[in-house]
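Please look through the sequence and the 3D structure shown here before reading the report.

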Amino acid sequence: MVFVETALSVKDSLLAHLRKSKRSNSEIAIATATVFAIGLLLKYPDRAIGSDSRPELGKKRVKGWPLVGNLPEMIWNGDTMLEMMLHNFEKYGDVHAMTIPTRGRLFLVNNPEMMEHILKTRFDNYIKGYIFQDFSSDVLGQGIFASDQEQWRSHRKTASNIFTAKFCRQVVRGAFKTSAIDLCDVMIKEGEQRNKPVDLQQLFLKLTLDVFGKMTFGIDFQALKHEGSHEFGDAFDYCMALIDERGVNPFFRLFERLTPGKNQRSREAIAILDKYADKAIEARRNETKEEMASRERDLLDHFINYVAEDGTILNPQELRDVFVNFMMAGRDTTALTLTWQFYYILSQPRVLKNILKEIQIVLNGSEDISYELLMNELPYVKSVMHETLRLAAIVPKNVKEVVDDDILPDGTSIRKGDLIGFSNWCMGRNRRVWGEDAAIFVPERWLVDEEKDGHEQNRGAIHTNTNSTPMHGQGKSPFGKFKMESQFKFNSFNAGPRLCLGQTFATLEAMLTTVLLLQRLEFQLVPEQEAPTYRSAVTLIMKNPLLVMVKSLHREEAR
Ligand code: HEM
């Protein structure tokens, strides 16, 4: 502080001296600018301009660059941002702070106590806020992802009506199964018959686009039926990457204006999303009574028929926001879970062997796959899915704005207007939370021995007793019982009042698709397939295709 005051008084006397020595106006201007810049450098030697110094943070402060704080490393590490965050959690601990120009101080937290505090205990103090709106509103509008407080509550209440156990039971027997069968057919046609590898990521993205479009908005995208990319899918991917870029770059408006064609491309992509939303809403409004009576009520019905307490209904823009937000929630997330999961299964013979063994024992070739069976009788399949989401958290990072001053559970003071960031990807890899083998794919960590009261972990222990009474007339899984972790430790589905609304829906879709594919097809990673990495986006999309060779196991049935 004394140092800064001295620097400012040196600046004033220098300017007084320049004026006395009759320098030209431009010389005075240059000198003033230089002195001003030196003053700023002295004031912000290791943090972003405009941020306060917070000496009380001590070792929790991550030193940054003069004036720009920690922005440079965020931009340099664009595609390895998650590794950078993990490295910083190892180096500076589970709570530390950075600074970003125009956004101020960003606290990063990475343990279950912090998650519980932010996502549940002080829920109303940590909101999406202005920052999230700023970089996402042209894409997401005022939908459930970007909204807070009353607006969020009404979205949440309306949407909760649809994701019921009844709805899940129905889709397991209906859309999930038929689409998974369609997917098998496409894989055989594109892969086996042409003796060519297929890109699992692209196919899973098409699958979930079809299922989600049909289930929630009554749109048949027919993405699986068309080879190559899909107009809506491409526009959507572009928008997701755009939101992510903006989240990291506080100068995104300037950057987008200076990048030739960028604004135009963004407008075009958003216009494609709008076009599909308008089509779905229009089709619904023109539906006859008979058509309506012949189908189940879906998500769009709930929002179209929503009447607020003051009697208002949603306008076309609000309905468009519902469409885009739910497509974001439901399409990429399950597809990418399946993609990473198939990589983990196919790259580890032990996991593949165990999952095939469980499917064989429990189903014995039957394709009669119900909601109850998926929920209760396939603990290994369920563990593989959850272990995938632990290591490859599909929504890998998140940020909240602080409404009022607060003290975090470890005693750290935070102030109104600060930001709090966390990463589900880093949490899943935190050794202090998951143990020394946190970086390794071990589905067994989710399994417990039923006879041991469900408390003890059962890594690798496999029971051989298949005599107990099965629900579906086949055998009982030899892998014990699946045990869910607390939401705050396993936060891949978020936690607290904003817990993912589609958790069960996604779990069932991923499990059913996995079971059906593994019953009908044999997969092999192509020899040149490298360990996948991710591309920077809102979701954890694989950077390169996931290429596999496919062979059908039951030729006649699969046709
Ligand atoms: C494995 C797949 C999925 C994962 C890992 C996942 C994860 C998440 C996460 C981390 C959030 C919090 C996001 C945020 O705060 O910005 C979230 C919210 C949400 N998810 Fe999911 N999700 C998945 C699938 C789905 C599906 C299939 C649906 C719809 C059917 C869905 C619907 C939602 C909704 C509506 C929210 C917003 C909840 C709120 O703010 O109240 N999710 N999900």
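The report below turns to the ligand and then to salt bridges.

## Basis of the model

This is a predicted model, in which local features need pLDDT of at least 70 and side-chain atom pairs count only at pLDDT 80 or more, while totals for chains, interfaces and linings use all residues. Residues are numbered from 1 along each chain as its sequence is written, and side-chain values use heavy atoms, with hydrogens and water left out.

## Around the ligand

The ligand is surrounded by 26 residues, counted where a heavy atom lies within 4 Å of it, and the closest are Lys 128, Trp 152, Arg 156, Arg 498 and Cys 500. An oxygen atom of the ligand is 2.4 Å from a side-chain N or O atom of Lys 128, and a polar side-chain atom of Trp 152 lies 2.7 Å from a ligand oxygen.

The iron atom of the ligand has Cys 500 (SG), at 2.3 Å, as its only protein donor, where donors are N, O and S atoms within 2.8 Å of the metal (3.2 Å for Na, K and Ca), and water is not among the atoms, so sites may look incomplete.

## Salt bridges

The structure holds 39 salt bridges, each a side-chain nitrogen of Lys or Arg within 4 Å of a carboxyl oxygen of Asp or Glu. In one of them the side chains of Asp 148 and Arg 498 meet at 3.5 Å, N to O. Asp 148 is buried at 17% relative accessible area, as is Arg 498 at 12%, where buried means under 20%, exposed over 50% and partly exposed in between (1.4 Å probe, protein chains only).

Key:
Polar contact = N/O pair within 3.5 Å; in protein donor to acceptor, adjacent residues only side chain to side chain.
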